[in-house]
Amino acid sequence: MGEAEEVPDPRIRTWGPVCQAVALLLGPYAEVVLHDPDTDRVLEIWNPMTTRRPGDPSMLGELDALDPSARDVYGPYEKLLVDGRRLSSVSAVLRDAQGRPSAVLCVNLDRTPLEQAAAVLSAFGAPTVQRPEPLFEEDWSERIQHIIGSHVRETGRPVERMTRQDRLAVLGRLDEARVFAVRRAAPVVAGALRVSRSTVYGLLAELRTPSAKD
């Protein structure tokens, strides 16, 4: 007679499909571990990131020092691998029908791809040199866009939510940049600010009066 096949732990039969689903969804970037809280041993592991195997010590004592973020859920908290990779980890206590801890499910997500993507996006988003002003001296439409856009970024208010004081401030900066020395500039400014030409002319007149400057 052949040897009898080893019967899998009933907790693996119950929770294994859940663990496998998480591992498949997050691909090679997530390690999913099912622990036995009674023996403090690993029951099963999916996508292992280290040499740890079923039957190895779990070291679950670390959860005792953490505040649960919800009932029986801990994390996300940070872990480090020996190769320097940072992990975001979350652990959940799984209870049986009587409410006793039956298993502990841990998901360790490798943050390396996210950190690499963030570094690439930051490099694209941050200019490496100052804007070369001589290139834009004659491009008055570019100056209009730049001055209005700078004010929007500084105040956090888009053009459609600008106050009267915002428009006065923008027109003052445009006037200092001699944008209105160009005959066709006023209609372009009015369109960019989403106001009428008469509004632009009225605000400019107010800016240029001695009382306004005082």
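The model is predicted, so local features need pLDDT of at least 70 and side-chain atom pairs count only at pLDDT 80 or more, while totals for chains, interfaces and linings use all residues. Residues are numbered from 1 along each chain as its sequence is written, and side-chain values use heavy atoms, with hydrogens and water left out.

The protein chain has seven helices and six strands. Both are DSSP runs numbered from the N terminus: helices are H or I with at least four residues, strands are E with at least two. From the N terminus the order is α-β-β-β-β-β-β-α-α-α-α-α-α. Buried residues make up 32% of the 214 residues. Buried means under 20% relative accessible area, exposed over 50%, and partly exposed in between, with a 1.4 Å probe and protein chains only. Among contacts (heavy atoms within 4.5 Å) between residues at least 6 apart in sequence, 39% join residues at least 24 apart.

Turn to the strands. E4 (residues 73-80) and E5 (residues 86-95) pair in the antiparallel sense over six bridges. Pairing requires that DSSP find at least two bridges between the strands. Leu 80 has Arg 86 of E5 as its bridge partner. The two strands form a hairpin with five residues between them. In the turn, Gly 84 has a positive phi of about 95 degrees. Strand E4 also holds Pro 76. A cis peptide bond joins Gly 75 to Pro 76, with omega about 5 degrees.

What are the nonpolar cores built from? Each is a set of buried Ala, Val, Leu, Ile, Met, Phe, Trp, Tyr and Cys residues joined through side-chain atoms within 4.5 Å. The largest has 20 residues. Leu 171, Leu 174, Val 189, Leu 193 and Val 200 have the most contacts inside it. Helices H3 (140-155), H4 (164-176), H5 (185-193) and H6 (197-208) each supply at least two residues of this core. Apart from it lies another core, of 12 residues, among them Ile 12, Leu 34, Leu 43 and Leu 94. In soluble globular proteins, nonpolar side chains tend to be buried together.

Two residues show the packing in detail. Leaving aside neighbours within four places in sequence, Leu 171 is in contact with Phe 180, Val 189, Leu 193, Val 200, Leu 203, Leu 204 and Leu 207. Ile 147 lies in H3 and counts as buried at 11% relative accessibility. Not counting residues up to four places away, Ile 147 touches Val 170, Arg 173, Leu 174 and Ala 177. The C-alpha atoms of Ile 147 and Leu 171 are separated by 9.2 Å, with the residues 24 apart along the chain.

Next, H5 and H6. Their axes come within 8 Å and cross at roughly 105 degrees. H5 is therefore roughly perpendicular to H6. H5 contributes Ala 186, Pro 187, Val 189 and Ala 190 to the contact, and H6 contributes Arg 197, Val 200 and Tyr 201. By class, this contact has six nonpolar, no polar and one charged residues.

Two loop residues other than glycine have positive phi. Asp 40, at about 55 degrees, sits in the loop between E1 (30-36) and E2 (41-46). Asp 40 is partly exposed, at 28% relative accessibility. Arg 178, with phi near 60 degrees, is in the loop between H4 and H5. Arg 178 is exposed, with a relative accessible area of 59%.

Notes:
Axes fitted to C-alpha atoms, helices over the stretch in contact; angles between N-to-C directions. Parallel < 35°, antiparallel > 145°, perpendicular 65-115°, else oblique. Nonpolar A, V, L, I, M, F, W, Y, C, P; charged D, E, K, R; others polar.
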